[in-house]
Amino acid sequence: CDEPGCEFTATRSGQLAAHNCTHSGERSYACDEPSCEYRAVHAGTLTRHKRTHSDERPFTCDTSTEEQRNVRRKELNAAAQRRS
């Protein structure tokens, strides 16, 4: 990273480009929901955000007695660890 005082390094150019947005404030991906002003640096982050406007919950916990749906895999993994 060329920003003075920043020691970030990356193995891929895309990682560096995304990191540079933290310095510039650039957020290229905008939510298309009316009245929502959310913008994201990464397309995947915008996809996850868009689920907040719907009932989409793509990850299901297989060990729960009742069906549990999670927006993020991280939440699913945490739920599984709590049960073990």
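Buried means under 20% relative accessible area and exposed over 50%, with partly exposed in between; the exercises below apply these cut-offs to a predicted model.

**Exercise 1.** Find the salt bridge in the structure, and work out which parts of the chain it ties together.

*Solution.* A search of the whole structure returns 1 salt bridge. Its partners are the side chains of Lys50 and Asp32, with a distance of 3.7 Å from N to O, and this falls inside the limit, because a salt bridge requires the nitrogen to be within 4 Å of a carboxyl oxygen. Next, place each partner: Lys50 belongs to helix H2 (residues 43–50), while Asp32 sits in the loop between strand S1 (29–30) and strand S2 (39–40), so the pair ties together parts that are 18 residues apart in sequence.

**Exercise 2.** Classify Lys50 and Asp32 as buried, partly exposed or exposed.

*Solution.* Lys50 has a relative accessibility of 33% and therefore counts as partly exposed. Asp32, with a relative accessible area of 60%, is exposed.

**Exercise 3.** Describe helix H1 by its span, its buried side and the residue that follows it.

*Solution.* Begin with the span: H1 (residues 13–24) has 12 residues and reaches 17 Å from its first C-alpha to its last, which is close to the 16 Å expected at 1.5 Å a residue. Then take the buried residues of H1, which are Ala18, His19 and Cys21; they cover an arc of only 140° around the axis, and this puts them on the same side of H1. The face turned away from that buried side carries the exposed residues Ser13 and Ser24. Finally, Gly25 follows H1 and has a positive phi, near 80°.

Methods: Residues are numbered from 1 along each chain as its sequence is written. This is a predicted model: local features need pLDDT of at least 70, side-chain atom pairs count only at pLDDT 80 or more; totals for chains, interfaces and linings use all residues. Side-chain values use heavy atoms; hydrogens and water are left out. Helices (H or I, at least four residues) and strands (E, at least two) are DSSP runs, numbered from the N terminus. Buried means under 20% relative accessible area, exposed over 50%, partly exposed in between (1.4 Å probe, protein chains only). The expected span of a helix is 1.5 Å times one less than its number of residues. The arc is that of the directions from the helix axis to the C-beta atoms.
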